[in-house]
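Hi everyone, thanks for coming. Let's look at one protein together, starting with its rings and moving on to its core.

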Amino acid sequence: MTRSVFAGVIMLVSDSGAFAAPTYLTCEFADPTGEPQVFNFALDESARTFGVYVPASGSQRTAEGTFADGKASLNEGAVAWEIDLAKGVVIRDKRMVGEKDSGTCKTISAEQSGFDE
């Protein structure tokens with residue numbers, strides 16, 4: 001992770017309440033083809049919602065998430081997500097196939113996120 005991305009994530013976490021306002025992230029996972037898999041997230045602790053948007057397909061969903069200690073998590077059954085804002089890391093647990101991987105995240109604006117308002 002670059003120092004500027006890390007500094008931005010640290011600033012986000014050090015604000016009063018890491019998730020006080022909706023937080024939008026874009027996260028990349030390595031892919032064997034060389035093209036990264038990109039997922040955007042909308043985290044809203046006050047509404048207890050965790051949104052997932054897949055730019056490649058346009059798929060978007062929002063469900064009730066869990067927020068604690070600077071982390072946000074969502075269990076979708078076959079897939080579970082955990083985002084650690086302090087580290088700028090997302091963990092994807094693909095429970096259906098028994099695999100876990102991780103990606104790196106950076107903050108983006110609501111407009112860049114792809115989420116419908």
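A residue counts as buried when its relative accessible area is under 20%, as exposed when over 50%, and as partly exposed in between, using a 1.4 Å probe and protein chains only. This is a predicted model, where local features need pLDDT of at least 70 and side-chain atom pairs count only at pLDDT 80 or more, while totals for chains, interfaces and linings use all residues. Residues are numbered from 1 along each chain as its sequence is written, and side-chain values use heavy atoms, without hydrogens or water.

So, is F41 buried or exposed? F41 has 0% relative accessibility, so it counts as buried. F50 is buried too, also at 0%.

Now the rings. Rings of Phe, Tyr and Trp (its six-membered ring) pair if their centres lie within 6.5 Å; planes under 30 degrees apart are stacked, over 60 edge-to-face, and the rest tilted. There are seven aromatic pairs here. F41 and F50 have ring centres 5.7 Å apart and planes at 75°, so they sit edge-to-face. Ring pairs join F29, F39, F41, F50 and W81 into a cluster.

Which residues have the most contacts inside the largest nonpolar core? Such a core is a set of buried Ala, Val, Leu, Ile, Met, Phe, Trp, Tyr and Cys residues joined through side-chain atoms within 4.5 Å. The largest has 17 residues, and those with the most contacts inside it are F41, L43, F50, W81, I83 and V90. Apart from it lies another core of six residues, including A42 and F115.
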